[in-house]
Amino acid sequence: MTGTFHIEIQKAHRRHDIWICLLVSMIMVVWVGGLSPSVPDELANAYSALFYSIPVINSIILPVFMALLASRLWDMEIKGNTTKLLYTLQSRRSLFKGKVIFGVMEIFLTVFMEMGAVLLLGKIHGYTETFPAGQFIYLAVCTTAAGLMLFFSEFFIMLIWNNPLPALCVGIVGALLGLFSAFMPPIVSYFVPWGYFIPLSSYEVAKWDQATHTVTYGTRSFNWGLLAFTFALAALFFYASWRRVQKQEV
Amino acid sequence: MKNVIETHNLCKSYHGRMVVDNLNLNVLQGSVYGFIGPNGAGKSTSMKMLLGLTHPTSGSVKLLNQTMNEENRIALLRQTGSLIESPSGYLHLTAKENLSIIAELKGISHKDIDRVLEIVKLTADANRKVGQYSLGMKQRLGIAMALLGKPRLLILDEPTNGLDPAGIQEMRSLIASMPDRTGATILISSHLLSEMEQMVTQVGILNHGKMLFEGPLQELQKHSHGNIQLKVLDVPKSIEVLNRQGIRTTMMQQPNLLELPPLSDEILAVLVRDLAESGAGVVGLTTQTKSLEEIFLSLTQSSGEVA
């Protein structure tokens with residue numbers, strides 16, 4: 001396993017994929033950092049506001065970023081015309097395993113950096129609200145699950161077309177659909193997987209004071225059913241991708 | 001001598017269309033085997049089946065004395081170098097980095113990288129990104145990848161594609177010298193018979209997925225003899241000699257040029273002597289070599305399969 005992963009690391013040399021992973025958290029820091037609370041009332045509600053915003057930001061940027069990561073991972077094999085050579089030196093399973101491990105590591109890194117950015121923002125701006133550890137872990141798990149599902153779906157599209165453009169187009173259109181689904185009745189969002197970050201969120205707007213423009217956030221119960229469905233979708237796309245690699249003639 | 005590659009009734013069909021039809025290939029150890037056929041004859045598909053890249057519809061492949069299956073395929077192919085269709089290489093990496101990946105996959109020492117770069121004359125460009133390479137350089141890198149680890153068998157699909165004339169000449173010399181230098185057996189495909197004649201010892205001719213001929217190059221060359229063009233000073237005297245010997249003659253459009261049917265070296269020697277003695281004045285004698293298509297035609301017209 002380390003062998004195939006090590007080879008993928010060698011292939012990733014000069015491709016700057018790590019910067020793409022870092023860019024996600026940097027966008028979040030800039031986006032949320034620009035709206036950072038300053039008054040005591042807001043600071044007392046700051047983690048709730050942040051945890052409400054992150055899934056919205058994720059539903060805008062992660063479908064595109066996951067398409068970017070997934071398509072780049074296979075695109076180098078297409079452009080380099082390498083599969084014909086690789087399949088004489090390693091099994092299809094081994095190549096697929098290397099890609100999967102590398103891709104999953106990129107997702108973990110993206111989520112890890114994003115979660116690190118949450119802690120950093122809380123520290124820098126001096127949030128006074130008690131740190132919601134349970135919600136934090138749930139957010140990390142949900143972001144990972146939706147990230148995996150998007151990654152494997154985009155990887156599958158890349159394998160079908162052998163071209164990064166369809167995967168990127170689906171990512172961009174999916175991001176828009178996902179965001180718009182948040183403004184639709186809740187049932188609609190269940191049919192738009194690109195936006196699953198939002199229905200998976202455990203925060204909601206509890207009260208909106210029109211006079212003072214103050215928002216009070218509240219929590220809602222964890223959406224275990226949708227989380228399980230997201231993992232199941234990720235597994236389905238993973239299996240479809242594997243079958244594609246297994247059966248594809250070069 | 002043992003066969004390094006053997007196929008038994010290898011078939012491949014796509015949507016009911018037979019692309020490779022009961023192919024029985026026998027490549028002798030230490031030989032340079034030329035796999036010849038026009039574009040679309042089924043050469044690349046056959047080679048892909050030898051490498052397990054394409055699943056045969058029926059038949060079997062024996063590589064290095066072992067019947068290839070899913071269990072032993074990678075182990076067998078690690079002793080094999082291959083270049084199929086166009087060369088492979090990660091464009092964002094240098095030649096050295098590309099070879100390093102292949103060395104790791106083959107499980108061999110990275111020390112071999114400098115040797116193969118030297119062989120294909122890429123040492124000076126080893127640290128340039130492959131994306132900046134010309135097609136010829138990529139082709140040479142593909143050969144270097146195939147040569148890594150001193151494989152026992154090299155399977156090369158049209159390796160001179162994209163090379164300039166000097167590169168083609170270098171590649172021919174390199175391939176022809178491989179059996180002596182490394183003991184490797186080479187299976188090389190091309191659609192150019194003239195190219196193959198300069199480097200192969202054994203030949204297989206494929207057309208419409210069927211093997212039309214398999215055997216030593218000399219055997220094929222018997223089929224490649226075409227008409228003879230004879231340039232003389234005195235045409236009437238020449239025709240008189242030719243008629244006396246019962247050789248059918250055709251007048252060509254150019255003056256003083258006659259066309260004779262294929263003749264054996266012995267008959268030709270006697271004919272030239274008689275023409276000289278008669279005072280016909282032999283100026284030139286050119287033996288036409290049949291094109292691959294003409295050989296195909298003569299092979300198919302004779303018995304369909306010659307071996």
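Modeller: The model is a predicted one, and the values below are computed from it. For context, chain B contains 11 helices and 15 strands, and its C-alpha trace spans about 75 × 45 × 35 Å along the principal axes. Of its 307 residues, 39% count as buried, and among contacts between residues at least 6 apart in sequence, 70% join residues at least 24 apart.

The helix is H6(B), which runs over residues 165-182 and thus has 18 residues. From first C-alpha to last it reaches 25 Å, close to the 26 Å expected at 1.5 Å a residue. Three residues of H6(B), namely B:Met171, B:Ile175 and B:Met178, are buried. An α-helix has 3.6 residues a turn, so residues three or four places apart point the same way. The buried residues of H6(B) pack against strands E4 (32-36), E8 (153-157) and E9 (185-190) of chain B. After the helix comes B:Gly183, with a positive phi near 80 degrees.

Because 5 of its 5 residues are buried, E8(B) is largely enclosed by the rest of the structure. B:Leu153, B:Ile155 and B:Asp157 point one way from the strand, while B:Leu154 and B:Leu156 point the other way, and burial applies to both sets. E8(B) pairs in the parallel sense with E7(B), residues 80-83, over 4 bridges, and in that pairing B:Thr80 stands opposite B:Leu153. With E9(B) the pairing is again parallel, over 5 bridges, and B:Leu156 has B:Ile188 in E9(B) as its bridge partner.

Elsewhere in chain B, 4 strands form an open sheet in the order E13-E14-E12-E15, with antiparallel pairing. Its edge strands are E13 (250-251) and E15 (282-289), each of which pairs on one side only. E13(B) and E14(B), the latter covering residues 257-260, are joined over 2 bridges in the antiparallel sense, and the bridge partner of B:Met251 in E14(B) is B:Leu258. The loop between E13 and E14 of chain B holds B:Asn256, which has a positive phi of about 65 degrees although it is not a glycine. Most residues other than glycine have a negative phi. B:Asn256 counts as partly exposed because it has 16 C-beta neighbours inside 10 Å.

A:Arg14 sits in the loop between helices H1 (2-11) and H2 (17-34) of chain A, and it counts as exposed because it has 12 C-beta neighbours inside 10 Å. Also in chain A, the axes of H4 (residues 46-79) and H7 (residues 133-161) come within 8 Å and cross at roughly 35 degrees, and the crossing is right-handed. Among the residues making this contact are A:Phe51, A:Leu62 and A:Trp74 of H4(A), together with A:Leu139, A:Gly147 and A:Phe155 of H7(A).

Conventions:
Residues are numbered from 1 along each chain as its sequence is written. Chains are lettered from A and ligands numbered from 1 in the order in which they are written. This is a predicted model: local features need pLDDT of at least 70, side-chain atom pairs count only at pLDDT 80 or more; totals for chains, interfaces and linings use all residues. The expected span of a helix is 1.5 Å times one less than its number of residues. A residue is buried if 20 or more other C-beta atoms lie within 10 Å of its own, exposed if 12 or fewer, and partly exposed in between; C-beta atoms are placed from the backbone. Two residues are in contact if their C-beta atoms, placed from the backbone, lie within 7 Å. Two strands pair if DSSP finds at least two bridges between them. Axes are lines fitted to C-alpha atoms, for helices over the stretch in contact, and angles run from 0 to 180 degrees between N-to-C directions. A crossing is left-handed if the near helix is turned anticlockwise from the far one by less than a right angle, and right-handed if clockwise.
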